[in-house]
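These are my notebook entries on a single chain, written down in the order in which I looked things up.

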Amino acid sequence: MSSMRTLTVLGATGSIGTSTLDLVRRNPEGWRVVALTAHSSAIELARLAREFGAEIAVVADEACLPALRDALAGSGIEAAGGPAALVEAAARGAQVTVAAIVGCAGLAPTMAAIEQGGVIALANKEALVSAGDVMMAAVERHGATLLPVDSEHNAIFQCLCGNDPEHVRWITLTASGGPFRDWSWERLVAATPAEAVRHPNWDMGAKISVDSATMFNKGLELIEAYHLFPVGLDHLRIIVHPQSVVHSMVEYRDGSTLAQLGPSDMRVPIASALAWPGRMDTPCAPLDLAAIGELTFRSPDEVRFPATRLAREAAQSGGAVPAVLNAANEIAVAAFLGGQIGFTRIAAQVEDVLSSYAPPPPDCLSDVLEVDGEARARARLLVTST
Ligand code: NAD
Ligand code: MG
């Protein structure tokens, strides 16, 4: 990269955050870090803020602010805490913001970054799923550049480059199928959190690992793709590809299919977004197709994994429905990880919340947050009554 750019990482201590900072560490001349944020891991955040010479470090959980202050004492780095401080840090106008908070908790800071009109490298799919049109309108209004980091969407973005979406016949999202792709329903009913977070191909945070096991991850990604790529829901489909080598593909009207391939390492799509429209080095091993040997594909099974059907229906309904789906899923995943509900209850509970709550389409961020809050409250009631 030619000149230095300013960078903020929202969710710096997570899986995407640390992969991002690993790339920055290898190219220190390229970046000046403005803000790094975390939920509650103050010590780890302070360590990163010192290492990268951040201007400010923010913990979303205000109770962790004293620990952050202590850990940053004498460094000259500002420390702040709470959701408003998170938004304020995101609004400092870094040229590039990596949105890597998990869940709808990342929506308000991501919107604050969008309002500054810079580059947003988006990993936080729940934010786009929940805010949908509201977020895309803000991107347009503020002249921001939204670059997808999610590996499938980054792949599609690369395959669309230089082509008119008018000529697209299909966008095909690939899915690994998760750790349970070959499990019977009886086994799924008894699946444990430890089994669900053990993903065969990717090393990720707990929430997205469970989403991958239920296929809600692919459902959320379908809604994400619907907003990012204007080809219409009827031109989006999902295929299970257990090896996670083909990250997604675009088929054009002439019968040409372009695919993006790469190792299952998020540093590849993150690097693609950080260097866009250029390219940068990554430490990832080159793709060795001869060693991989076989790439296989099959149709998803929506009987064992209803999540993609629920997501497609939510995208079809539009408005607030995807926000309800996302919020209900976040609560159900947390309840599953906490041992309160079984694995197959996750999708069942999301479907129950969707059928009991149909708010009007949101017009602005606060409408989305209101829908999110109400859907969470309803989902929590289902957990306690199970
Ligand atoms: P993670 O759990 O490893 O990290 C989440 C980060 O967000 C941490 O820094 C955490 O401190 C912070 N955070 C958590 N709750 C918060 C809250 N309430 N308020 C503020 N900050 C909070 O998650 P991850 O796997 O890095 O995923 C991050 C996002 O990227 C998710 O939306 C996920 O779907 C998406 N994504 C991740 C991967 C992956 O390989 N990990 C791939 C594609 C997309
Ligand atoms: Mg993905």
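I began at S244, which I found in the loop between β9 (236-240) and β10 (246-252); helices (H or I, at least four residues) and strands (E, at least two) are DSSP runs, numbered from the N terminus. S244 has a positive phi of about 50° although it is not a glycine. I also noted that S244 is buried, with a relative accessible area of 6%, where buried stands for under 20% relative accessible area, exposed for over 50% and partly exposed for what lies in between (1.4 Å probe, protein chains only).

Before going on I wrote down the conditions: this is a predicted model, in which local features need pLDDT of at least 70 and side-chain atom pairs count only at pLDDT 80 or more, whereas totals for chains, interfaces and linings use all residues. Residues are numbered from 1 along each chain as its sequence is written, chains are lettered from A and ligands numbered from 1 in the order in which they are written, and side-chain values use heavy atoms, with hydrogens and water left out.

**Backbone entries**

Most residues other than glycine have a negative phi, and most peptide bonds are trans. With that in mind I looked up M215, a residue other than glycine whose phi is positive, near 75°. M215 sits in the loop between α10 and α11 (216-228), and at 6% relative accessibility M215 counts as buried. I then turned to the peptide bond from W276 to P277, which is cis, with omega near 5°; P277 belongs to the loop between α12 (267-275) and α13 (289-292).

**Aromatic entries**

A pair of aromatic rings is described by the distance of the centres and the angle of the planes. I used the rule that rings of Phe, Tyr and Trp (its six-membered ring) pair if their centres lie within 6.5 Å, with planes under 30 degrees apart counted as stacked, over 60 as edge-to-face and the rest as tilted. F180 is buried at a relative accessible area of 1%, and W183 is buried at 12%.

F180 also pairs with F343, here edge-to-face, with 5.0 Å centre to centre and 85° between the planes. Which parts of the chain does the pair of F180 and F343 tie together? I placed F180 in the loop between β8 (168-175) and α8 (185-189) and F343 in the loop between α15 (321-337) and α16 (345-356), so the pair ties together parts that are 163 residues apart in sequence. F343, like F180, is buried. I recorded F180, W183, F336 and F343 as one aromatic cluster.

**Single residues**

D211 lies in helix α10 (residues 206-214) and is buried, with a relative accessible area of 1%. Leaving aside neighbours within four places in sequence, I found D211 in contact (heavy atoms within 4.5 Å) with E126, F216, N217, L220, N329 and V333.

P359 is in the loop between α16 and α17 (365-385), and P359 is buried at a relative accessible area of 15%. Not counting residues up to four places away in sequence, P359 touches A320, V324 and V371. From P359 to G76 I noted 283 residues in sequence and 46 Å in space, C-alpha to C-alpha.

Is E140 buried or exposed? E140, in helix α6 (residues 125-142), is exposed, with a relative accessible area of 67%. E140 and E115 are 25 residues apart in sequence and 9.8 Å apart in space, C-alpha to C-alpha.

**The whole chain**

Along its principal axes the C-alpha trace spans about 55 × 50 × 40 Å. Buried residues make up 54% of the 386 residues. Of the contacts with a separation of 6 or more, 68% are between residues 24 or more positions apart.
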